[in-house]
Amino acid sequence: MRRLLMRWFTRRARVPRVLRIALALMLGSLAIVGIAAPRSSGHAGVPSEGGPGAGGTEFNPPTKSPEPPGQGNPTNAFPDSPALRAEGFNLYQQSCSSCHGMSAQGVPGVAPSLRAVGPGPVDFYLSTGRMPLEQPREEPQRSSRAFTRPQIDTLIAFISSFGGPAAPTANPSAGNLALGFHEFTLSCAGCHQIVARGGITVNAQIPDLQQATAQQIAEAVRMGPYLMPHFDAGQIDQHDLDSIARYILWTRHPTDLGGWGIYNIGPIPEGIVAWFIGLLALVIVARLIGERTGEET
Amino acid sequence: MNLIERHVHGRFERAGRTADERLGVMGGIKWAMRYVFPDHWSFLLGEIALYSFIVLVATGIYLTLYYVPSDSQVIYHGSYPLLQGEQMSEAYRSVLDLSTSVPAGLLFRQVHHWAADVFIAAIVLHLMRVFFTGAYRKPRDLNYFIGLTMLMLAILEGFAGYSLVDDLLSGMGLAIAYSVAMSIPLIGGQLATLIWGGPFPGSSTFWPRLEIVHVLLIPVALAVLITMHLAIIMRQHHSQFPGPGRRERNVVGTPMWPAYALRSIGLLLAVAGVLFLLGGLVQINPIWQWGPYHPYLSENGAQPDWYIGWLIGALRLMPNWELVIGGRTVIPNPFWGGAAFPLAVFGVLFAWPAVERRVTRDIRRHDLLDRPRDRPIRTAIGAAFLSWVVIVFAVGSTDRIFYRLGVSYTTQIHVWRVGIWVIPIVVFFLTRSVWRSLQQSGSHPLRAWQGEVVRRRPDGGVDVIAESPDRSEPERTEPPVGTVPGREFRV
Amino acid sequence: MSRLARLLGFLVAVRAAARAAMGAAADRREPRPAPESDFDPRKRVVPSSRRAEAAVAVLLLLAALFGVGFTVIYVGLGADTQLLGVAIGGALCLLAAAAIVAGKMVVPQETAVEDRGPLLDEQQIETVVEVIEAGAEGISRRGLLIGAGGVAGAALVTAAATPLASLGPTLSGLHLTPWARGIRLVDDQGRPYLAQDIQIGAFYTALPEHSDPEAFGAGLLVVRLPANFLHLPAARRAWAPEGIVAYSKVCPHAGCAISLYRYPTYAPTSQQPAFTCPCHYSTFLPGEGGRVTFGPAGRSLPQLPLMVGSDGYLHAAGPFHEDIGPSWWGVHRSES
């Protein structure tokens with residue numbers, strides 16, 4: 001090993017030693033920075049006031065609660081039975097109680113109470129794989145589900161037994177695409193980007209919505225997961241919600257009249273194409289036309 | 001064959017006589033046809049820019065026939081379903097209709113936009129070639145200044161062009177441009193309201209004015225400057241790299257007719273061809289997906305076109321310093337990133353020939369170019385300066401880096417606030433040492449050392465004392481013993 | 001002590017870098033220019049390659065085919081953008097290939113030498129100066145004429161530039177927004193906001209009733225904050241009825257609409273409510289009077305005082321107390 005290293009260092013080559021050492025240093029420091037750099041975490045910039053009524057009491061409510069679906073609006077009924085609730089209870093104890101408390105009352109400074117959230121948030125967080133979280137301060141992000149659908153149903157049944165608003169739902173085919181685009185631009189594009197390709201804020205990543213189902217969209221809009229604000233039926237009524245869901249599903253295959261959409265995020269990929277496809281092709285043509293140094297005759 | 005040849009010959013003679021009787025140009029045409037161009041491929045980068053400009057003018061003329069420079073609000077009832085019933089300006093609607101309802105309309109729009117991106121990219125690449133080969137030295141410093149002016153105009157022109165459409169993305173950009181204009185100390189408020197005809201979003205006269213700037217004023221200025229640029233080149237003859245038979249006082253290369261003219265036309269056609277292929281196959285600026293602009297709307301991840309990317313990076317990177325004296329805001333924050341930074345960059349570029357003249361004490365005329373390795377210090381300074389600008393440019397995309405790689409946004413900003421000063425220094429030393437060793441070893445950066453080492457005899461002839469190794473031999477990377485680095489004479 | 005040593009070391013390094021940049025030692029010397037050699041680079045090669053000529057012909061004909069294709073697609077096949085682009089782009093690229101092949105492999109390849117010719121001609125300079133001075137022969141009052149000419153020129157240039165001042169209005173409009181006491185807050189469809197409509201954890205875009213929504217100062221962000229997030233300065237407590245606060249939607253950095261709002265689901269493990277601007281990520285705290293916590297904005301987000309009318313609707317309780325939007329020389333900043 002040492003021999004190899006010594007040979008690499010002392011071999012006479014076209015690349016001067018100083019450059020090799022500098023390169024090694026740069027790569028090394030980059031690697032260190034890359035490993036050590038903190039992943040985005042919603043680090044608490046909050047003085048520990050917690051939410052209303054936090055600290056010292058058994059009750060540890062979330063800072064914002066899910067909005068109800070609204071009077072007369074369709075809801076999504078999840079399966080429910082005493083057997084399901086019992087199974088859910090067992091599963092909950094194994095997977096969730098360490099943060100959310102033995103009886104879903106939450107743990108102060110760790111995780112909120114789940115007692116009044118209802119089925120919507122449970123379905124959203126579990127079906128998108130955002131929960132369970134490794135660390136309480138991590139940002140919940142979409143990933144592979146930790147539970148199967150039947151397991152999720154049991155957990156929903158268990159948590160719903162504590163009460164809370166019914167789960168909203170959305171029917172994309174009942175929505176109007178133009179209305180959805182309009183509402184999405186006004187209320188959602190600031191975070192999620194105009195064609196739902198995602199983005200960032202300080203300091204959280206905002207997901208693209210290409211894998212969201214209509215049910216998940218409805219649940220997210222009404223509850224506002226993590227740092228997202230929530231929207232009640234007075235602000236975004238059922239028709240708006242159906243339209244927004246329809247628009248978001250449309251963004252999976254937007255109308256790319258101009259050809260290859262290059263991810264629909266605008267000038268960054270456009271600039272890359274201009275330099276590395278357009279200009280590069282023309283530089284190759286120039287190389288073919290002109291002569292290279294050393295070929296002069 | 002002979003008959004055809006004689007026929008064609010006769011035609012040429014008759015045409016020549018017709019022209020010469022009226023214009024007396026035959027002497028000039030002969031001069032032009034025998035005019036010699038050096039053949040190096042990197043001398044064609046400026047031509048790529050020129051031909052992109054020609055495509056821009058041609059497609060731009062087409063677009064002006066459809067564009068309506070008006071901010072009157074209308075309700076859309078056209079063929080694109082997602083914007084049905086939506087309120088938008090007439091300008092936006094005219095471009096939307098062109099993109100969705102006019103045959104080949106979207107093609108010409110996209111070709112025009114791709115041509116703008118490639119135009120400025122080619123200028124930047126050409127500028128880099130000019131800098132690293134020292135082509136800006138006397139007598140070409142005048143042309144160099146003309147070129148820099150054209151770069152500034154091209155950037156303004158591109159920004160004006162895509163802002164005419166009044167879509168969500170470009171509207172946000174215009175608000176930022178307005179803020180940068182406002183931020184100019186003392187006069188900014190007057191200047192901004194002068195240009196916009198009032199506070200943002202401006203009066204209804206702003207749009208026809210912006211169109212005239214984009215369609216007439218800057219293109220004419222560019223055309224005049226391009227003509228001067230080419231005329232000066234013709235007068236001075238193009239510079240050339242040192243090589244066999246190449247001296248300061250001659251030009252060695254291909255005469256214009258027939259080979260160079262054909263190759264040049266080929267390049268023009270290739271530029272047009274690549275741009276039309278891009279315009280048809282790769283989508284750019286899909287304004288129907290962005291929607292119309294309103295001052296109370298915005299979206300995440302909004303970016304300007306690439307040649308403004310250095311400014312968004314600078315604006316994001318600056319700490320929130322505003323100079324307030326006695327209740328008056330002397331220097332608002334956008335000034336640093338939006339005005340001071342580009343002024344500094346162009347200031348350095350404009351000042352460079354004079355600085356180099358002063359430092360090297362070299363005021364002679366130069367027509368032979370330097371290979372970058374012949375000037376390690378200049379190359380290193382250029383690389384360091386370029387890295388400074390490029391890093392600021394890259395900071396403009398830190399949001400996407402956060403999104404994809406999870407490195408927090410605030411961390412990136414804090415790191416790069418220091419990094420933009422540290423990395424150019426590192427780049428300077430690295431580049432200088434690499435290029436110095438290249439200079440000493442005499443090797444081409446990508447190929448092994450080539451050539452012969454000779455010694456001049458008293459009678460004027462030369463003795464070859466060493467030759468570059470045969471290709472079949474293992475590569476030698478240093479000149480043979482007994483040679484003096486930097487003093488090989490090429491034959 | 002070690003800190004001082006490090007600082008000294010750093011200064012030494014900076015000085016060395018500066019010296020190096022000034023071109024110390026060997027690099028300042030130019031490499032000696034290559035001597036005149038006996039080599040004559042002129043040559044002329046006539047390719048006479050029938051294959052190359054055939055290739056050019058084929059390329060030209062193919063280009064013609066693509067060109068015809070363009071017309072056909074435009075007129076008869078629905079003018080699809082991608083097909084049109086391939087047709088005309090392909091035609092141009094094939095023509096380019098034909099020209100390049102012709103230029104490199106069909107026509108005679110010649111290397112010629114041309115003399116640059118001198119640029120500087122001392123003789124001519126002298127002659128020109130003499131001619132200019134000869135043109136002023138006999139004029140006795142040169143100074144007077146030159147001075148008068150200068151004054152006339154300056155006056156005319158100023159006169160020519162004066163109409164520029166009429167291009168735009170003066171700065172008075174910059175302090176105005178549509179908001180004043182009593183104006184009702186409505187959404188983008190014109191429906192007014194009831195105070196009870198404003199939920200915690202949501203954000204609303206409001207515009208002034210019966211006013212141009214395109215005005216720069218029109219857009220508002222309205223949120224309701226619970227008491228533990230509301231820490232307004234004493235002078236502004238009355239601006240937030242029932243904890244509802246309103247701020248200008250225009251970022252005071254560079255004028256983008258602020259459209260990001262974060263409201264935590266569980267505050268102890270995440271962050272407090274804040275507005276963020278999507279352009280350069282300036283972040284403002286609605287609970288603290290729009291204070292900047294991150295980003296390049298040089299002043300806080302202007303707050304609009306609100307009141308709840310007897311009808312339950314939200315109204316502005318007065319105009320903004322500072323200017324909205326980006327700063328300039330005369331911008332009115334907040335006192336606090």
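How many residues of strand β4 (residues 250-255) of chain B are buried? I counted 6 of the 6, so β4(B) is largely enclosed by the rest of the structure. Buried here means under 20% relative accessible area, with exposed over 50% and partly exposed in between (1.4 Å probe, protein chains only). Strands (E, at least two residues) and helices (H or I, at least four) are DSSP runs numbered from the N terminus.

Ground rules, noted before going on. This is a predicted model, in which local features need pLDDT of at least 70 and side-chain atom pairs count only at pLDDT 80 or more, while totals for chains, interfaces and linings use all residues. Residues are numbered from 1 along each chain as its sequence is written, chains are lettered from A and ligands numbered from 1 in the order in which they are written, and side-chain values use heavy atoms, with hydrogens and water left out.

**Entry: partners of β4(B)**

I looked up what pairs with β4(B); two strands pair if DSSP finds at least two bridges between them. Strand β1 (residues 36-37) of chain B runs antiparallel to β4(B) over 2 bridges, and Val36(B) has Pro255(B) as its bridge partner. Strand β2 (residues 109-115) of chain C also pairs with β4(B), antiparallel over 4 bridges. There Asn250(B) is bridged to Asp115(C).

**Entry: chain C sheet and hairpin**

I found an open sheet of 5 strands in chain C, ordered β3-β4-β5-β6-β11, with antiparallel pairing. Its edge strands, β3 (185-186) and β11 (303-304), each pair on one side only. Inside that order, β5 (residues 220-224) and β6 (residues 244-248) of chain C share 5 bridges, and Leu220(C) is partnered by Ser248(C).

Next I checked β9 (residues 283-285) and β10 (residues 291-294) of chain C, which are antiparallel and joined by 3 bridges. Leu285(C) bridges to Arg291(C). The two strands make a hairpin with 5 residues between them, and Gly289(C) in the turn has a positive phi of about 75 degrees.

**Entry: cores**

A nonpolar core is a set of buried Ala, Val, Leu, Ile, Met, Phe, Trp, Tyr and Cys residues joined through side-chain atoms within 4.5 Å. The largest one has 224 residues, and those with the most contacts inside it include Phe184(A), Trp114(B), Leu185(C) and Leu220(C). Helix α5 (residues 105-132) of chain B gives the largest share of this core, 18 residues. Apart from it I noted another core of 16 residues, with Ala104(A) and Ile159(A) among them.

Leaving aside neighbours within four places in sequence, Leu185(C) touches, among others, Trp179(C), Tyr193(C), Leu220(C), Val222(C) and Leu314(C).

**Entry: chain A in numbers**

Chain A has 11 helices and 4 strands. Of its 297 residues, 51% are buried. Among its contacts between residues at least 6 apart in sequence, 67% join residues at least 24 apart.

**Entry: a helix of chain A**

Which helix of chain A holds Leu23(A)? I found Leu23(A) in α2. Leu23(A) counts as partly exposed because its relative accessibility is 43%.

Notes: Contact means heavy atoms within 4.5 Å.
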